[in-house]
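Welcome! Please take a look at the sequence and the 3D view below, and then let us walk through them together, topic by topic.

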Amino acid sequence: MTNKIEFPKNFWWGSATSGPQSEGRFNKTHNSVFDHWYDIDPDVFFNKVGPDVASNFYNSYKEDLEILQEIGLNSFRTSIQWTRLIKDLETGEPDEDAIRFYNGVIDECIKNKMIPVMNLHHFDLPVELFDKYGGWESKHVVDLFVKFAETAFKLFGDRVKYWATFNEPMVIVEGEYLYKFHYPLLQDGKKAVQVLYNVNLASAKVIKAYKDGGYNKDGGQIGIILNLTPSYPRSQDADDVKASEFADDFFNNSFLDTAVKGEFTKNLVSTFEKDNVIWESTDEELQIIKKNTIDFLGVNYYQPRRVKAKEIAFDGSNGWMPDKYFDNYDMPGKRMNPYRGWEIYPECMYDIAMNIKNNYGNIQWYISENGMGVEGEERYINKDGVIEDDYRIDFFKEHLEFLHKGIQEGSNCFGYHSWTPIDCWSWMNAYKNRYGFVAVNLENQKKTIKKSGRWIKEVSENNGF
Ligand code: BG6
């Protein structure tokens with residue numbers, strides 16, 4: 001077969017999940033904020049399904065990773081749960097069963113010829129640290145996170161060569177402190193800005209610990225996974241463009257600039273200062289952020305952000321919000337994924353690739369998540385029991401075509417990971433929308449490869465399609 005499009009040599013064809021969404025809560029030492037939220041308010045979650053069993057990865061990781069090898073993946077990201085690995089949150093002392101489990105996962109990945117990529121935080125703060133210290137509002141929690149990371153590096157750094165400090169740190173800020181879609185459902189702009197700073201600091205301190213500990217000596221690398229939602233203004237009118245630039249600075253560049261360049265954007269800092277919500281920082285901390293930038297960037301891309309200038313004056317009765325400077329724009333005619341309510345705009349892959357090339361020193365990067373969650377996939381089961389998810393294959397192809405265009409124009413992208421290998425649990429939506437190459441039957445945990453799973457195998461083998 002001749003490929004229409006071919007990707008660079010050694011391209012990563014893989015897929016990503018996270019500990020809390022795949023493992024199940026079996027034998028965990030602590031509860032995360034999501035475990036806790038489910039325990040106190042199960043009604044919030046679709047069909048009241050919580051993270052207790054998830055996709056049973058804790059018990060079935062060997063079989064699961066074999067399936068991923070069977071569908072041709074050469075790399076795999078998951079996360080190490082702080083609430084599982086660490087027995088004593090203050091000292092960073094690990095739990096024996098968790099060491100056994102994560103060693104097993106890492107060794108099985110390697111045995112199945114998949115590069116393991118390990119992320120350290122996927123929205124799963126131990127709830128005790130929120131109750132005791134206010135979670136990411138506290139710099140003590142930042143230091144406890146560094147201890148957890150050091151424990152992970154010591155235990156697994158010999159075999160894990162790609163680490164991520166955080167997955168989608170902006171979602172912590174948005175979900176927990178601004179728009180109330182993650183526990184503790186706060187709306188407090190001032191705290192949100194402090195959390196934004198503290199999480200940036202935590203990432204830089206973990207990078208510092210990784211390098212100071214010499215874990216990068218054998219080619220180990222450390223990065224961050226950001227959800228980029230590039231802003232597109234409604235029109236080229238100055239007010240729309242300005243609103244769009246602010247949205248970009250707040251939602252994307254507040255982590256992207258610090259991660260790659262070691263600095264917050266000037267526009268953001270001066271806005272926070274003007275509005276009296278600026279964070280508490282020290283020169284020493286800012287130096288740590290400056291000096292400890294990432295080796296590689298992971299980009300989760302699902303949807304763009306459409307923006308317009310404010311039409312109705314900002315109502316400040318609930319305190320500061322970034323929405324003071326922009327309105328979201330409901331663009332007529334946009335293409336939607338109706339199940340998730342997200343716009344589908346594959347062209348953005350190219351724009352992201354060019355932005356990284358032109359404005360971020362063409363740092364090495366990969367797509368660390370991209371995918372399409374669909375409800376009711378049983379409708380597409382054929383007579384052989386296989387879900388024929390052609391819509392997903394088309395979605396991937398379109399996105400990959402635009403990514404390929406960016407690579408051809410020189411963007412330094414080394415891989416593509418879908419979300420997610422095996423259908424997994426989601427924050428509030430639980431198992432409503434399925435994303436996997438492999439389906440899970442929640443009644444009996446049976447796992448069945450979908451048509452897209454066969455497709456990705458061919459793509460991976462041919463390094464293109
Ligand atoms: C990303 C997250 O935001 O998108 C994943 O890193 C998440 O954890 C995925 O599951 C898909 O979003 P959702 O809300 O449909 O599960």
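Let us begin at the ligand: a polar side-chain atom of S426 lies 2.5 Å from one of the ligand's oxygen atoms, which is a polar contact (a pair of N or O atoms within 3.5 Å; within protein, one must be able to donate a hydrogen and the other to accept it, and residues adjacent in sequence count only if both atoms are side-chain atoms). Please keep in mind that this is a predicted model, where local features need pLDDT of at least 70, side-chain atom pairs count only at pLDDT 80 or more, and totals for chains, interfaces and linings use all residues. Residues are numbered from 1 along each chain as its sequence is written, and side-chain values use heavy atoms, with hydrogens and water left out.

- In the side chain of E168, an N or O atom is 2.7 Å from an oxygen atom of the ligand.
- W419 also has a polar side-chain atom by the ligand, 3.4 Å from an oxygen atom.

**Aromatic pairs**

- How is a pair of aromatic rings described? By the distance of the centres and the angle of the planes.
- The structure holds 60 aromatic pairs; rings of Phe, Tyr and Trp (its six-membered ring) pair if their centres lie within 6.5 Å, and planes under 30 degrees apart count as stacked, over 60 as edge-to-face and the rest as tilted.
- F34 and W425 are an edge-to-face pair, because their ring centres are 6.3 Å apart and their planes stand at 85°.
- This pair links distant parts of the chain, 391 residues apart: F34 is in helix α2 (residues 33–40), while W425 is in the loop between β16 (413–419) and β17 (433–434). Helices (H or I, at least four residues) and strands (E, at least two) are DSSP runs, numbered from the N terminus.
- Are F34 and W425 buried or exposed? Both are buried, where buried means under 20% relative accessible area, exposed over 50%, and partly exposed in between (1.4 Å probe, protein chains only).
- F246 and F250 form a stacked pair, with 6.3 Å from centre to centre and 15° between the planes.
- Because F246 and F250 are 4 residues apart in helix α10 (residues 238–261), about one helical turn separates them.
- F246 is buried at a relative accessible area of 5%, and F250 is buried at 1%.
- One aromatic cluster includes F246 and F250; among its other members are Y197, F251, W279 and Y325.

**Charges over rings**

- R305 lies over the face of F251, 3.7 Å from the ring centre; a charge sits over a ring if NZ of Lys or CZ of Arg is within 6 Å of the ring centre and within 35 degrees of the ring normal.
- R234 lies over the face of Y329, at 5.9 Å from the ring centre.

**A sheet of strands**

- An open sheet is formed by 3 strands in the order β8-β10-β11, with mixed pairing; two strands pair if DSSP finds at least two bridges between them.
- β8 and β11 stand at the edges with a single partner strand each, so one side of each has no neighbour in the sheet.
- Strand β8 (residues 231–233) runs parallel to β10, joined by 3 bridges; S231 stands opposite R305, and P233 has V307 as its bridge partner.
- β10 pairs with strand β11 (residues 327–328) in the antiparallel sense over 2 bridges, and K308 has D327 as its bridge partner.
- In a regular strand the side chains alternate between the two faces of the sheet.
- In strand β10 (residues 305–308), R305 and V307 point one way and R306 and K308 the other way, and all are buried.

**Backbone exceptions**

- Most residues other than glycine have a negative phi, and most peptide bonds are trans.
- The peptide bond from Y183 to P184 is cis, with omega near 15°, and P184 lies in the loop between α8 (169–177) and α9 (189–212).
- W419 and T420 are joined by a cis peptide bond with omega about 15°.
- A54 is not a glycine, yet its phi is positive at about 50°; A54 is buried at 4% relative accessibility.
- N276 is not a glycine either, and has a positive phi of about 60°; N276 is exposed, with a relative accessible area of 62%.
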